[in-house]
Amino acid sequence: MELRQLEYCAAVADEGGFTAAASRVHTTQPNISAQVRSLEKELGAALFDRSGRTVRLTDAGRAALPAARAALAAAEEVSRAVADVRGLVRGNLSVGMIEGCTITPLFAALGEFGAAHPKVGLSLREAPSDALLASVLAGDLDVALAGYGDELPRGIDSLTVVDEPVVAVVPAGIGGAASQVTLDELRKRSLICLPSGAGIRAVFDRAASAQGTPIRPAIEASSPDAILELVCGGLGTGILSESIAAADERVVGLRISDADTHARLGFVWRRGPSPATLRFLGIVREHFDLAGRPGTVANSTAPAP
């Protein structure tokens with residue numbers, strides 16, 4: 001019994017005749033008839049009633065057809081699996097990351113992937129978080145490490161690495177024992193923020209807009225380090241993630257009490273990822289020690305999303 005014979009039988013059953021079936025499977029009518037007769041001989045039963053103008057399944061044919069279709073489907077799945085492996089071996093992987101990224105596990109994951117799959121074309125691009133998300137959604141990037149808030153565009157899956165509050169950053173010792181601040185109080189201050197497009201900035205802007213009008217920062221700084229220096233220089237109140245503020249003893253982070261300002265940093269990719277993307281994500285989980293638990297905080301000192 002051959003898969004080709006099962007394919008021919010399914011075609012005859014679907015088309016109601018040998019000539020139409022031969023056209024569908026790109027062979028000749030004598031060949032398809034011979035192959036079906038050979039299968040019938042092997043099975044010891046006629047699969048088709050050829051007495052009428054239209055070929056019909058016999059009882060044996062009706063019993064055999066579902067199993068024949070299942071065998072054909074299984075064979076197609078085997079072909080797809082092999083094609084996926086070939087695609088991984090010789091495919092391409094385009095990875096995006098936030099500007100100024102210094103996260104060691106990311107580079108370790110890239111190194112392991114490149115060593116394990118040397119024939120996969122690997123490219124790396126830096127950009128603001130909003131540009132990375134747009135590139136992933138458009139298919140220009142396979143996967144990216146980006147900052148994001150509560151919602152992602154439809155069709156995007158994510159693996160969260162860091163999930164923490166956005167805080168108002170002030171010099172240590174300023175403001176007494178206060179541990180929090182409101183959005184209305186922040187509206188009265190000179191704010192120092194990351195540029196539009198950064199994940200932390202987007203989260204803060206959405207929170208401010210939800211409570212009234214957007215808050216226009218007095219200064220936009222290109223990096224968290226620059227914001228920390230400006231805050232320490234007395235030029236305003238910074239807006240950063242809690243872990244960044246906690247890592248510098250010169251400043252303190254004040255929780256924003258009347259807004260849910262959580263920023264997330266993680267890997268984003270389109271649903272239905274390529275074999276290369278799936279393999280890279282598996283390596284990422286190992287290096288970030290996520291162990292299949294999306295949303296786990298794996299690196300509390302990651303840079304600003």
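**Contacts, extent and two residues of a predicted model**

Of the contacts (heavy atoms within 4.5 Å) between residues at least 6 apart in sequence, 74% join residues at least 24 apart. The structure is a predicted model, in which local features need pLDDT of at least 70 and side-chain atom pairs count only at pLDDT 80 or more, while totals for chains, interfaces and linings use all residues. Residues are numbered from 1 along each chain as its sequence is written, and side-chain values use heavy atoms, with hydrogens and water left out.

The secondary structure consists of 11 helices and 12 strands; these are DSSP runs numbered from the N terminus, with helices (H or I) of at least four residues and strands (E) of at least two. The C-alpha trace spans about 95 × 45 × 25 Å along its principal axes. The radius of gyration of the protein is 30 Å, whereas a compact globule of 305 residues would have one near 19 Å. This radius is taken over C-alpha atoms, and the globule rule is 2.2 Å times the number of residues to the power 0.38.

Confidence is given as pLDDT, the predictor's score for each residue from 0 to 100. The average is 85, and 90% of the residues score at least 70.

Of the 305 residues, 41% count as buried, that is, under 20% relative accessible area, with exposed meaning over 50% and partly exposed in between (1.4 Å probe, protein chains only). Is Val36 buried or exposed? Val36 is buried because its relative accessibility is 0%. Val36 is found in helix H3 (residues 29–43). Leaving aside residues up to four places away in sequence, Val36 touches Tyr8, Cys9, Phe18, Phe48 and Arg50. Ala67 is 31 residues from Val36 along the chain, and their C-alpha atoms are separated by 16 Å.

His26 lies in the loop between helix H2 (18–24) and H3. With a relative accessibility of 74%, His26 counts as exposed. The phi angle of His26 is near 60°, a positive value in a residue other than glycine.

The charged side chains number 29 positive and 35 negative, and the centres of the two sets lie 9 Å apart. Lys and Arg count as positive and Asp and Glu as negative, without His and the chain ends; each charge is placed at NZ of Lys, CZ of Arg, CG of Asp or CD of Glu.
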